[in-house]
Amino acid sequence: MKNKAVIPFYRLSGDMYVVVDYSDAMKFIYNERSLGIFLKETRDLVQIKRSSLIEIHEFFFEDN
């Protein structure tokens with residue numbers, strides 16, 4: 001894949017969260033254990049745990 005998205009990650013401790021207003025439609029929220037996608041229109045929060053993010057990354061980017 002030639003196009004790569006870069007999302008900065010910060011070392012977090014305790015119960016810290018980072019919130020990024022990504023677009024008019026959504027915000028990204030993450031902490032040391034999960035990534036959340038907040039859909040502004042419906043006010044729904046979709047959470048993806050860290051282990052699932054690793055599995056998704058391996059599926060798309062790792063050579064098997």
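Strand 3 and strand 4 (residues 44-49) make a hairpin with four residues between them, and Arg43 in that turn shows a positive phi of about 60 degrees. The two strands pair in the antiparallel sense over six bridges, and one of the facing positions is Leu35, which stands opposite Ile48 in strand 4. Strands here are DSSP runs of E with at least two residues, numbered from the N terminus, and two of them pair if DSSP finds at least two bridges between them.

A word on the model itself: it is predicted, with local features needing pLDDT of at least 70 and side-chain atom pairs counting only at pLDDT 80 or more, while totals for chains, interfaces and linings use all residues. Residues are numbered from 1 along each chain as its sequence is written, and side-chain values use heavy atoms, leaving out hydrogens and water.

Now let us walk back through the other pairings. Strand 2 (residues 26-30) and strand 3 (residues 34-39) run antiparallel, joined by five bridges. Strand 1 (residues 18-20) is joined to strand 2 by three bridges, again antiparallel.

| Hairpin | Residues between the strands |
|---|---|
| Strand 1 and strand 2 | five residues |
| Strand 2 and strand 3 | three residues |
| Strand 3 and strand 4 | four residues |

Phe28 is a handy landmark in strand 2. Val20 stands opposite Phe28, and the bridge partner of Phe28 in strand 3 is Ile37. For Lys27, the bridge partner in strand 3 is Phe38.

Phe28 also belongs to the largest nonpolar core, together with Leu12, Val18, Tyr30 and Leu35. Such a core is a set of buried Ala, Val, Leu, Ile, Met, Phe, Trp, Tyr and Cys residues joined through side-chain atoms within 4.5 Å. Leu35 is in contact (heavy atoms within 4.5 Å) with Phe28, Ile29, Tyr30, Val46, Gln47, Ile48 and Leu53, leaving aside neighbours within four places in sequence.

Finally, have a look at Ser34, which is found in strand 3. Ser34 counts as buried because its relative accessible area is 17%; buried means under 20%, exposed over 50% and partly exposed in between, with a 1.4 Å probe and protein chains only. Not counting residues up to four places away in sequence, Ser34 touches Ile29, Gln47, Ile48, Lys49 and Arg50.
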